[in-house]
Amino acid sequence: MKKIAAMLVLMTSAALALSGCGTPPEDNGEGNTGGDAFLACMISDQGGFDDKSFNQSGYEGLKRAESELGVSIKQAESQNANDFAPNLEAMQAQNCDLTITVGFMLKEATEEQAIANPDLHFAIVDDSQIVLPNVKPLVFKTSDAAFLAGYAAAAHSETGKVATFGGMAIPSVTIFMDGFVDGVAQFNTDNSANVEVLGWDKDKQDGMFTNTFDDQATGQQTAKTLIDQGADVIMPVAGPVGLGAAEAALEADNVAIIGVDADWYETAPKYQKIILTSVIKEIGASVFDTVQEAQSGNFASSAYIGTLANGGVGIAPFHDFDATIDQGVKDRITELTADIMAGNLAVVSPSDPK
């Protein structure tokens, strides 16, 4: 029966390569040729590894592991959700020692493969709902960092309206939006102001979503709608869709963008002049640490939780906007960061990792 199962997996892998759905596993190292090399594998969400966002950050962590730890690597890009399960099956046929899936949307496929392969190790970015001894969640308390970005957005706004929207209504997205709303509220409290947030009602957990992470035209139109309503700072939490929002902001010429996952000033240089700051998730660092842990024989299913305190989340510099942000605002953001890290200020989201 084991031989039959193995043949079926290999047939599935071959079918994947021939069908054109998704990008089959690619070997960027020496490959696992039966030697002692540790093989670390990664499967992207549908944004692909050049999304300027969380997939890219994860892949950079994998490449770092290849360079610094000497592991072999393979990766498969998903073009859409239909690619998740076939890509995971194909990876298991490659005898991966550790398979990392990037994104909450891969939860079901990851859990299925982890149950079917209890002797293999898995890690998943942005999901903590899988409770299995061979799956490690890599999750981030981005609400804390988004809180700081929301404060900065409110301070920068001249219209008194800022905005955020998401790609899909999933916890790894709404956690950003919750923190952003609370940061704006903190600014209002500190300054007796009334800056309004468009696009997300935290209390109702309801707002604007594009229902896609890769259609930039939809992101551009969504941002235009918010700009027409008066928003002059927008935080899109939607992977590559956010670049469409940046395009709309660039065209508007008086609107700033807050990037997510990576420092967009560095990863999307076309939009440097409109990037106020970015909410950073150090996905790459979590991937590297997990590969190192598994390679050394110390894999553990306990969650990695990125926080302000451990450097797993944070906000990027203000870059070109630095001179326009009042020093008092910068000092207050520094104070708020310290308060959050010390536990004196709790930023709470229903989507916070447990």
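**Salt bridges and a disulfide in the predicted model**

At 22% relative accessibility, Glu293 falls in the partly exposed class. In this predicted model, the side chain of Glu293 meets that of Lys136 in a salt bridge, with N to O at 3.6 Å. The pair links distant parts of the chain, as Glu293 sits in helix H10 (residues 283-295) and Lys136 in strand E6 (residues 135-140), 157 residues apart. Lys136, for its part, is buried, at 6% relative accessible area.

The whole structure holds 14 salt bridges, and two further pairs are worth a look. Lys202 and Asp182 meet with an N to O distance of 2.5 Å. Lys202 lies in the loop between strands E9 (200-201) and E10 (206-207) and Asp182 in helix H6 (residues 171-191), so this bridge ties together parts 20 residues apart in sequence. Lys202 counts as buried, at 18%. In the pair formed by Lys270 and Glu247, the closest N and O atoms are 2.9 Å apart. Here the loop between helix H9 (264-267) and strand E13 (275-281) is tied to helix H8 (residues 241-252), 23 residues apart in sequence. Lys270 is exposed, at 55%, whereas Glu247 is buried, at 18%. Salt bridges also link Asp126, Asp261 and Lys281 in a network.

Turning to the cysteines, the count comes to one disulfide, which joins Cys41 to Cys96 with an S to S distance of 2.0 Å. The torsion about its S-S bond is about -90°, so the disulfide is left-handed. Cys41 belongs to strand E2 (residues 39-43), while Cys96 is in the loop between helix H3 (84-93) and strand E4 (98-102), so parts 55 residues apart in sequence are tied together. Both partners are buried, with relative accessible areas of 0% for Cys41 and 1% for Cys96.

Terms used:
Residues are numbered from 1 along each chain as its sequence is written. This is a predicted model: local features need pLDDT of at least 70, side-chain atom pairs count only at pLDDT 80 or more; totals for chains, interfaces and linings use all residues. Side-chain values use heavy atoms; hydrogens and water are left out. A disulfide is a pair of cysteine sulfur atoms within 2.5 Å. Helices (H or I, at least four residues) and strands (E, at least two) are DSSP runs, numbered from the N terminus. Buried means under 20% relative accessible area, exposed over 50%, partly exposed in between (1.4 Å probe, protein chains only). A salt bridge is a side-chain nitrogen of Lys or Arg within 4 Å of a carboxyl oxygen of Asp or Glu.
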